[in-house]
Amino acid sequence: MNEIKISMLGVSGSGKTAFLSGICDTFISSNIEVRDSRNNDESHLFKILPYHADNLSETSVGDIRRYSIRNNRSFTSISTENTKKYMLNIHDDCYSTSSPLCTVSFIDYKGGFVENLVNERSDDDVKDVRNELLSSNVLLIFIDSVRLSRGSTAGEYNRALGSDDINTFFNTNQFMNKKMSILFVLTKDDSPEVSGDDEILIDRIMRAFEPTVKITERNGWNLGIIRTSAVGRNTVDPVTNKINPEADIIPYGIDSVLFYSIYRTISEEVTNIHLKINDMENASVLTKMSKEYRNRMKIMKMQLEETDTILRYIRIPYNSLHVADSLIFEQKKDSGGISAVTG
């Protein structure tokens, strides 16, 4: 795959920009080491490098570094005013030091877009956003854990999370025959104001986004819920609500979001290529003798080999998610069922 497109959707203040800080502080300011469960003596060092695009007007190359809370303790998250696209290369030192495993683009939309997504009178910018969302491989729906904890009624959840607008957006025929994964990203999980165990938080999300969840089931999409923090536990002073100057910035759940998104997208692509090859193999003998058929089959098998190689490496950090505290819920297309996953 040339590019995996991940779109971030959520109301203003839901933590999308702070999540970019977590991406920076988890991968760019440092690298993440993942142990290969199949070989205890082998570990993989994953890192992200900004993708240097030719057209800088569309891609903010390297800008993600300015969101680093680790490097800027006075960082204050402000509302995103313009849509920004951050293209990043994923590297694994066991795979190649020069060629990336894959390229991932994070698209950050301003929070105000949520309430305009279902407005038929929206301007061209909002219509462009809708089209981008429809073409995404993964949609990250950001949920403020503090707001989720404070709510006591369905109406309060809906207002705090923007679920009414998001549900309406998904409940249209425009998503028919689309292939994607949906991931609810619980932000600010480190806050002492977050109350309720995994089951309670899952239940509140599933009720607030019930129409969206039903659409994921109908379309056979993958669905997950991951708890995240851009700074880590015991980092924010509960009195001043500011980051403790001496505290270590240790984000969590950020790697789970990234590798879940990549793994599910690539595994879907591998399945699709297999299906296309199987369909071609059912062609008539006369068709199989043609040069066009042989060339096409050769290309398809090369694509399968390349994509399957990437999948094997991404499976290593993906498998580690099942022993982490961050992935608390997963509804997988390939299992045909729903499972709650806790550390």
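Which residues does S229 touch, not counting residues up to four places away in sequence? The first close-up gives the reply.

**Figure 1. S229 and its contacts in a predicted model.** The structure shown is a predicted model. S229 touches D190, P251, Y252 and I254, leaving out residues up to four places away in sequence. S229 sits in the loop between β8 (222-227) and α9 (254-281). Its relative accessibility is 0%, so S229 counts as buried, the limit being under 20%. The side chain of S229 also makes polar contacts with backbone nitrogens. One is the backbone nitrogen of V231, at 3.2 Å. Another is the backbone nitrogen of G232, which lies 2.8 Å from a polar atom of the S229 side chain.

**Figure 2. Overview of the chain.** The protein chain has 11 helices and 10 strands. It holds 343 residues, and buried residues make up 50% of them. Consider contacts between residues at least 6 apart in sequence: 72% of these join residues at least 24 apart.

Figure 3. Leaving aside neighbours within four places in sequence, V104 is in contact with I4, I6, Y86, M87, L88, I90, L258 and I262.

Figure 4. β2 (32-35), α9 and α11 (291-320) each supply at least two lining residues. The largest share, four residues, comes from β2. How does the lining divide by class? Eight residues are nonpolar, four are polar and eight are charged.

Figure 5. Q331 belongs to strand β9 (residues 327-332). Is Q331 buried or exposed? With 5% relative accessibility, Q331 counts as buried, since the limit is under 20%. The side chains of Q331 and T216 are joined by a polar contact of 3.4 Å.

Figure 6. R66 is found in the loop between β3 (43-50) and β4 (84-92). Its relative accessible area is 46%, so R66 is partly exposed. R66 and C24 are 42 residues apart along the chain. Their C-alpha atoms are separated by 8.7 Å.

Figure 7. Phi of K188 is near 60 degrees, a positive value in a residue other than glycine. K188 has its place in the loop between β7 (181-187) and α7 (198-208). At 32% relative accessibility, K188 counts as partly exposed. For N234, phi is near 55 degrees, again positive in a residue other than glycine. N234 lies in the loop between β8 and α9, where S229 is also found. What sets the label for N234? The relative accessible area of N234 is 75%, over the 50% limit, so N234 is exposed.

Terms used:
Residues are numbered from 1 along each chain as its sequence is written. This is a predicted model: local features need pLDDT of at least 70, side-chain atom pairs count only at pLDDT 80 or more; totals for chains, interfaces and linings use all residues. Side-chain values use heavy atoms; hydrogens and water are left out. Buried means under 20% relative accessible area, exposed over 50%, partly exposed in between (1.4 Å probe, protein chains only). A polar contact is a pair of N or O atoms within 3.5 Å; within protein, one must be able to donate a hydrogen and the other to accept it, and residues adjacent in sequence count only if both atoms are side-chain atoms. Contact means heavy atoms within 4.5 Å. Ala, Val, Leu, Ile, Met, Phe, Trp, Tyr, Cys and Pro count as nonpolar, Asp, Glu, Lys and Arg as charged, and the others, Gly among them, as polar.
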